[in-house]
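My notes are below, in the order I looked things up.

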Amino acid sequence: MKLSSLIPRSGKVRTGVVVVLVFIVIAVLGPVVATHDPRATSFDMLEPPSGRYWLGTTQSGQDVFAQFVHGARISLLVGLLAGVISQLFSVVVGLLGGYLRGVADDLLYIVTAVFLVIPGMPLLIVLTGYLPSRGMLSIAVVIAITSWAGAARVIRAQTLSLRNRDFVEAARATGEGRLRIMFFEVLPNMLPLVASGFLFSVIGGILAEAGLAFLGLGSLTTTSWGSMLYFAQNSQALLAGAWWWFVPPGLAIAVIGAGLALINFGIDEYSNPRLRTGSATKKTRTSRAAGGDATAANAQVSGIGSGTPPTPGGASAATAEHVALTRERTDEVDPELASRIHPSPMPGSPIIEVDSLRVDYPTAFGTVHAVQDVSLTLRRGEILGLAGESGSGKSTLTNAITRLLRAPADVAGGSITYRADDGAPTDLLHLEDRELRALRWNEIAVVFQSAMNALNPVTSIHAQFDDVIRVHRPSLPAAQRTAIAKEHLERVGIDPGRIDAYPHELSGGMKQRVAIAIALVLEPDVIFMDEPTTALDLLVQRDVLDQIVRLREEYGFAIVFTTHDLALLLEISDSIAVMRHGRLVEYGPAVDIYRDPQHPYTQNLLSSLAELGSLA
Amino acid sequence: MKFLLRKLGLYAFIAWAALTLNFLIPRMMPGDPVSILIAGSKGQIDAEARDAIAAQFGISEDPMIIQYVHYLGDLLRLDLGVSLSQYPVPVLDIISQSLTWTVGLVGVSTVVGFVLGTGLGVLLAWRRGTWSDHVLPGLTFLNAIPYFWMALILVMLLSVTVSIFPAGGGYDRSIFPELTPEFAGSVLYHAALPALTIVIGSFAGWVLQMRNMTVTIMGEDYVSMAEAKGLPQRTVLFGYAARNAILPSVTGFALALGAVVGGSMLTEVIFNYPGLGYALFQAVSAQDFPLMQGLFLIISLAVILANLIADVAYVFLDPRTRQGA
């Protein structure tokens, strides 16, 4: 392993590690370096910092610097001890409860709740109030007793979700003991949680020790940062203006606490990539700055909406070079695999025209070209099937058209045009926010991939119909809005009486229908459907599909239907586009593609479908 | 309603646990209060007085269970004993005096900190990827500052260096405490610095939690759908993203409240604020065990009540808990 791989990539984590290391060095070496005895008094009372006393002196002439470095040792040690003990408690209680479930879990849950709710500090004060002698270890234990509950809750929840995973089932099947499974199978899989809990316990421990010592309840025979503050407060250091006495210990607590929390940021971002703020977003930030008005919509579709044409020049020169290189390479590798694009002989006027669209994702390892030179024409009333495996760029393509791309995705080139009834073109990529909002749902609606999660879980179906009608049809009275919503529920076969239901009260199939009904409510020209049937079981899938086709005949809207299920597309689509590695490899009428696929990739797909008997 | 009833049951149990803990601590801890007091008096308390003091505590030779029944009976009659340091003032009187001050100061500043922090968290999540990301390390630092040190710094800056605010107390001693505008003004004036301490000390934690949760929620499909609907930015942000992101903040209230209450107690000590925290500090310093116990009990019960309120609010915020209502 190379040494450099041990250095964390995130700047925050790096700062945190450095801060913590510095304090550890101070705690270990400081007392050796400090020339004064921290408790030795002298006649140099309340002297400000000088060459002799680096951090000045106390009221009894003690050296503040010596106290500070000795205090670092005690404060960190108590924090560390309390952190270890408390995290041990949390892990054992959380693992046992989450894994064993049943009565044991109920009991542990209640005990945890008691310690979670009863405030720690007062309990700590009362407990230490009764302690006959207050050594470091007993203080650390008391702190641990009052602080383990929160982390135990978290670990229990994670254990509950891990205990039914395959690897745990497998371990059970091979007859591993329960304790072994808990500590050697489950525990290693939640180390980030345990680590983060540990960091917080250490912060909590340092703070609690300081608080106790500050109240005069710590061990007053040893010097800690808290006891320094206690003596400073009791000797009216504030009124004497002796800032050098009470600023360093408090600042040190805050800085090391922040350092530990910064390391924890890194752990959080490791387990939840959405929280990352690192270099990936940096590049887009520059292009957004040029855009001026950085609203969230612009922020997500960075670079667009600025007055400047969206060229790859927005990214750095290196990126542009990388773009050129990759394109050159792919073109070189498979010259005979060039895409087969048949002109679509579909009747009807065009409604959405995509022209040589390119979408890039800057990543830590260079730019990924998620969509490369894609051109499509969608006509009124057409069902366009967009097929491709996951990662082929089909969702990036539809998100670019619906303007739902999130940073760091960046439209690097090309254009998307929407044509109204009278053929008047609208440049979708350069719409003002207000114009974009007005066009949305009126003309272009979206049905999302995971129907389970497309509806707001905390508001009623009614509210989710109502907000969109109210925004786009402000003159309609409330009663009429409700009537429209009910009518559309009925259209998709849902009892209008259920309009006040919440999403969790509906089945998966019903939620999908509601999402379709909401998409229909303003009678748009185009509906984008991103795998609308994937999460449903087969019978319901069939049902929903039939409904979509019927509604299309009724309303006459065009559909862009995204799926990895080519058989399904062949059945319902007028034309089909197949994507691979960000490019269109085949695009033309569905019948042609079924009878005579041109591209080897499509040929493979179709022959494998034929073998499975999916194509009757 | 089942959810609420279950919560009610749980909190009733926790309250009972707090009562029992309060009963057990003086009897279980290695140093029993009577011997600590006698040791502290350096031979001035004789054996006879010892029994009298023990009786004060309700500690006797009776079996534990009898003592426990007596203890619960006393609590029912709201008899928390008599303070030793302010003999013979009943503990309940001291508590009822300081309770108002703490509820006023800590209650209001906690709510202000929560509202301010949560709002700022949403804003930072919305402006994610811009200047706002650079605020995060600063907030982390702010969040790690001990309340009592923050209080010291504020006193130094705003009371000693520039005397804008008083350094301590609940009101101007020269004013008779009655319901006059003058007295009310003095109370607010004295509450400013401690309140500022608690708000600054607590809000950063809420910001970080809410920011991270909102960023996570903004990746959900229902937020994309709200955006695709062409709803105004405000509605997408508050009606969809923040509305869902606040749920864990409300459930996490218990966890955070403990820290806020602990910090606020130390803040009261620094400002000599006539609340529960300062009273507890004085009780501990004076080894006034009955008062200490009474205060611990009342603080615990207040926090339990606050948690119950948070859970009731949760029922209103999340329809999923209302199932079967």
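The entries start with conventions and then go through the two chains.

**Conventions.** This is a predicted model, where local features need pLDDT of at least 70 and side-chain atom pairs count only at pLDDT 80 or more, while totals for chains, interfaces and linings use all residues. Residues are numbered from 1 along each chain as its sequence is written, chains are lettered from A and ligands numbered from 1 in the order in which they are written, and side-chain values use heavy atoms, with hydrogens and water left out.

**Chain B overall.** I looked up the elements of chain B and found 13 helices and zero strands. Helices and strands here are DSSP runs (H or I, at least four residues, for a helix; E, at least two, for a strand), numbered from the N terminus. Of its 325 residues, 53% count as buried. Buried means under 20% relative accessible area, exposed over 50%, and partly exposed in between (1.4 Å probe, protein chains only).

**Helix α5(B).** I checked the span of α5(B), residues 91-126: its 36 residues reach 50 Å from first C-alpha to last, close to the 52 Å expected at 1.5 Å a residue. The expected span is 1.5 Å times one less than the number of residues. I also noted a bend of about 30° at S98(B), taken as the angle between axes fitted to the seven residues ending there and the seven starting there.

**Strand β2(A).** Which strands pair with β2(A)? Pairing needs at least two DSSP bridges between two strands. β2(A) (residues 350-363) pairs with β3(A) (residues 366-379) in the antiparallel sense over 10 bridges, and L357(A) stands opposite V374(A). A hairpin of two residues joins β2(A) to β3(A). β5(A) (residues 410-419) also pairs with β2(A), again antiparallel, over seven bridges; there, I352(A) has Y418(A) as its bridge partner.

**Strand β4(A).** I wanted to know how enclosed β4(A), residues 383-387, is. Five of its five residues are buried, so β4(A) is largely enclosed by the rest of the structure. In a regular strand the side chains alternate between the two faces of the sheet. Here I383(A), G385(A) and A387(A) point one way, L384(A) and L386(A) the other, and all are buried. β4(A) runs parallel to β9(A) (residues 558-563) over five bridges and to β10(A) (residues 575-580) over four. L384(A) stands opposite V560(A) in β9(A) and has S575(A) as its bridge partner in β10(A).

**Positive phi.** I picked up two non-glycine cases. R403(A) has phi near 60° and lies in the loop between α15 (394-401) and β5 of chain A. R403(A) is buried, at 2% relative accessible area. Q287(B) has phi of about 50° and is in the loop between α12 (276-285) and α13 (289-317) of chain B. At 28%, Q287(B) counts as partly exposed.

**Nonpolar patch on chain A.** Last, I looked at a nonpolar surface patch of about 780 Å², made by L21(A), I24(A), V25(A), V28(A), L29(A), V32(A), V33(A) and W54(A). Patch residues have over 30% relative accessible area and no salt bridge; like charges are joined within 9 Å, and nonpolar side chains (Val, Leu, Ile, Met, Phe, Trp, Tyr) within 5 Å. A salt bridge is a side-chain nitrogen of Lys or Arg within 4 Å of a carboxyl oxygen of Asp or Glu. Areas come from the Shrake-Rupley method with a 1.4 Å probe, and for residues only the protein chains shown count as cover. V28(A) lies in helix α1 (residues 11-33) of chain A and is partly exposed at 48%.
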